[in-house]
Amino acid sequence: MKFYIASKTDFYSKKVKKYLIDNLDYEFSNDDPDIVFTIGGDGTFLKAVHKYPNALFFGIHTGHLGFYSNFNYKNLAGLIASIKNNTFTTLNMPLVSATVYAGDKKEIYNALNEITLISSPRTLILDMYINGKEFEEFRGTGICVSTPTGSTAYNKSLGGAILDHDIDAFQITEMAGINSRFYETISAPLVLSGKNTVTLTPGSLYKSISLTADNASYSIEKLSKVVLNYGKSFVRVAVDPNVDFLDRIKRSFFHNTRKSFKK
């Protein structure tokens with residue numbers, strides 16, 4: 001069994017990394033590891049997921065946001081015992097994927113949080129089809145396509161809904177959609193079952209469009225089509241069964257010392 005550790009460089013993260021290396025009876029290797037520990041927050045976790053997509057991930061929270069990194073660094077002995085005894089809980093977290101056709105190339109991009117398409121210098125025009133049926137012509141700055149686990153990230157900042165992680169759905173949220181007498185968009189987050197396929201075709205060939213997949217950014221030249229799917233690929237993540245979805249919401253968005261509304 002091989003393991004690797006992706007870690008922040010702050011004091012607590014360094015201590016956690018050293019403890020794991022000293023107490024795990026496995027081979028430490030960055031070459032195709034079976035298990036990857038991430039120490040920090042969600043940024044550290046997402047970078048590791050894209051580097052080692054076939055590994056099993058244990059996220060240890062020492063950062064600011066920890067939706068994926070939900071193991072507490074104060075109970076490392078319990079974490080190691082659960083690994084040795086194989087008593088941990090594993091989830092298959094679905095990815096959203098974008099199959100991008102540009103020029104004579106076809107590329108697939110996967111994301112655990114979200115995929116965005118953005119055109120900053122000019123208005124982005126996209127014809128949207130859902131399961132082959134025309135839905136709308138979008139005009140605006142861009143769109144964000146997020147998973148339930150990613151709904152609390154960029155999607156939330158755009159006014160999208162927070163989805164329970166157990167929902168089999170993905171979400172499309174507009175960035176500065178244009179609505180006037182001549183143009184109109186849905187102007188609301190669109191939540192679709194994972195069974196749906198969304199196809200986007202630009203109104204014309206764009207010289208360059210920015211695409212992001214989580215924390216990675218790409219420049220797409222001569223875009224002709226994007227096909228969006230959800231749940232065709234997964235990331236295996238070990239989770240603490242004592243920390244549920246609402247606990248993570250409260251931990252991330254409410255201050256620990258806020259006053260209770262109860263009298």
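Guide: Helices (H or I, at least four residues) and strands (E, at least two) are DSSP runs, numbered from the N terminus. It's a predicted model, where local features need pLDDT of at least 70 and side-chain atom pairs count only at pLDDT 80 or more, while totals for chains, interfaces and linings use all residues. Residues are numbered from 1 along each chain as its sequence is written, and side-chain values use heavy atoms, with hydrogens and water left out.

Visitor: Fine. Which strands make up the open sheet, and in what order?

Guide: The order is E13-E12-E11-E8-E15-E16, six strands with antiparallel pairing.

Visitor: And which are the edge strands?

Guide: E13 (190–193) and E16 (216–220) are, and each of them pairs on one side only.

Visitor: Stay at E16. How many bridges does it share with E15?

Guide: Five, and E15 (residues 209–213) runs antiparallel to E16. Ile209 sits opposite Ile220, while Ser210 has Ser219 of E16 as its bridge partner.

Visitor: So what's the phi doing in that hairpin?

Guide: Asp214 takes a positive phi near 60 degrees there, in a hairpin that has two residues between E15 and E16.

Visitor: What about the E9 and E10 hairpin, which residue has positive phi there?

Guide: Asn131, with a phi near 55 degrees, and again two residues lie between the strands. The strands themselves, E9 (124–130) and E10 (133–140), run antiparallel and are joined by seven bridges. Ile130 has Lys133 in E10 as its bridge partner.

Visitor: Switching topic. How much space lies in the largest pocket?

Guide: About 300 Å³. A pocket here is an open set of points, on a 1 Å grid over the protein atoms alone, with protein on both sides within 12 Å along at least five of seven lines; a cavity is a set where a 1.4 Å probe fits but cannot get out, and lining residues have an atom within 4 Å of a point. Grid points are joined across faces, edges and corners, and a volume is the space filled by probe spheres set on the points.

Visitor: Who's closest to the pocket centre?

Guide: Leu91, Met93, His165, Asp166 and Arg248, out of 18 lining residues.

Visitor: Which elements supply that lining?

Guide: Strand E6 (89–102), strand E17 (223–239) and helix H5 (245–253) each supply at least two residues of the pocket lining. E6 has the largest share, with four residues.

Visitor: Last one: how do the cavity residues divide?

Guide: Eight nonpolar, no polar and two charged.

Notes
Pairing = 2+ DSSP bridges. Nonpolar A, V, L, I, M, F, W, Y, C, P; charged D, E, K, R; others polar.
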